[in-house]
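Here is a note for a colleague who has not seen this structure before. Please read the points below with the sequence and the model open.

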Amino acid sequence: MTMGTSRKRQTSSSSSSSDSADSSMSSSASPPTSRQKTDKSPPPRRGRNDHHNTSNHSNTSRQSFNTSYNNLNNSSHNSNNRSQHNKSMSTPSKYVGGDRAGLEPYLMERKRRKEERDEEKDNRVKEEKRIQDKKERDRKMKPDKNEEKKDLLEPNYEKSGKLTEDRNTYKGIVIKYAEPAEARIPKTKWRLYPFKGEETLPTMYIHRNSGYLIGRERKVVDIPADHPSCSSQHAVIQFRLVDHIRSDGSQTKKVKPYVMDLESTNGSFLNNVKIEPRRYYELKERDIIKFGFSTREYVLLHERSEGVMDAES
């Protein structure tokens, strides 16, 4: 039963398949209808080579699309920049689209503004230069504080007469010289031996005081010098306590004689050499002093000098 049934089924299936084949062949042999004419025929079957060609074509299409997209972005970016630049440099919208006559007011306004800016800049430069010149003039006219301090610190040796006006006045005459703090009366008996040519004049003993003023003003001088070339207060002989070095090298203090010219008209001479005014010159034994153009010579000696006899009373 079973085997017979299966055989019948196989026989029926084969017959049905043959019938379907015949029907298909008959349909293919029949002429196409109008609906079949309008429909597209199915695409042909692709082989292996057709698949590779299609993939290459798709890659090329994708690359060309990317390139065109990038170019489009760049061109849009450049166009945006150009549009912004053109907006900044372009004329106002109210003048766009007009003729040359419509642009004239705008051009004139730009020119006027430029001239105003240039004029303002020139005025600013001129003002800065004027202020700088004014400061320079003020600096030149204003005294320098450093110079004033320097003048205050530096000693002034000019004669004023104010320092000795009160205490160095004798018989209504202002004395041009004031004794220093180191003035001392000497212990050595110094003497002046005046000579007028070959004539010997009386000896002058100059060890009793610390200083002797010489000149023509007899009211105030200690040693008169009556020659017309001598000044009223010509010079001074001053004894001073100064440092002294002994023969053995030890140091001590000693009173020594000095001479100073008091800025006389014709000067003073020590051993026939003119001395500078207002400066102390040390006197030594047997020195010769002259004043002005006087022919009198004063020789300095002391009691222990060779050939000198102590004749002091």
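1. Overall contacts. In the protein chain, 44% of the contacts with a separation of 6 or more are between residues 24 or more positions apart; a contact means heavy atoms within 4.5 Å. This is a predicted model, in which local features need pLDDT of at least 70 and side-chain atom pairs count only at pLDDT 80 or more, while totals for chains, interfaces and linings use all residues. Residues are numbered from 1 along each chain as its sequence is written, and side-chain values use heavy atoms, with hydrogens and water left out.

2. Composition. The protein chain has 5 helices and 14 strands. Helices (H or I, at least four residues) and strands (E, at least two) are DSSP runs, numbered from the N terminus. Of the 313 residues in the chain, 21% are buried; buried means under 20% relative accessible area, exposed over 50%, and partly exposed in between, with a 1.4 Å probe and protein chains only.

3. The sheet. Five strands form an open sheet with mixed pairing, in the order E7-E6-E8-E9-E12. Two strands pair if DSSP finds at least two bridges between them. Strand E7 (223-224) and strand E12 (281-282) are the edge strands, each pairing on one side only.

4. Pairing within the sheet. E8 and E9 are antiparallel and share 11 bridges.

5. Glycine 215. Is this residue, glycine 215, buried or exposed? Glycine 215 counts as buried because its relative accessibility is 0%. Its place is in strand E6. Leaving aside residues up to four places away in sequence, glycine 215 touches Val221, Ile223, Pro224, Ala225, Ser231, Ser232 and His234. Valine 236 is 21 residues from glycine 215 in sequence, and their C-alpha atoms are 8.7 Å apart.

6. The largest nonpolar core. A nonpolar core is a set of buried Ala, Val, Leu, Ile, Met, Phe, Trp, Tyr and Cys residues joined through side-chain atoms within 4.5 Å. The largest one has 20 residues, and those with the most contacts inside it are Leu192, Ile206, Ile237, Leu283, Ile289 and Phe291. At least two residues of this core come from each of strand E3 (190-196), E6, strand E8 (235-245), strand E13 (288-291) and strand E14 (296-302). E8 gives the largest share, 3 residues. Another core, of 9 residues, lies apart from it and includes Ile175, Tyr177, Leu213 and Leu262. In soluble globular proteins, nonpolar side chains tend to be buried together.

7. Phenylalanine 291. Not counting residues up to four places away in sequence, phenylalanine 291 touches Ile214, Cys230, His234, Ala235, Gly267, Ser268 and Tyr298.

8. The second largest pocket. This pocket has a volume of about 310 Å³. Its lining has 17 residues, of which Ile175, Tyr177, Leu213, Val220 and Asp222 are the closest to its centre. Strand E1 (169-170) and strand E6 (211-215) are the elements that give two or more residues to the lining, and E6 provides the largest share, 3 residues. On a 1 Å grid over the protein atoms alone, a pocket is an open set of points where a 1.4 Å probe fits, with protein on both sides within 12 Å along at least five of seven lines, and lining residues have an atom within 4 Å of a point. Grid points are joined across faces, edges and corners, and the volume is the space filled by probe spheres set on the points.

9. Two loop residues with positive phi. Most residues other than glycine have a negative phi. Glutamate 263, which is not a glycine, has a positive phi of about 55 degrees. Glutamate 263 lies in the loop between E9 and strand E10 (268-270) and counts as partly exposed because its relative accessibility is 35%. Asparagine 272 has a positive phi near 65 degrees. Asparagine 272 is in the loop between E10 and strand E11 (273-274) and is exposed, with a relative accessible area of 62%.
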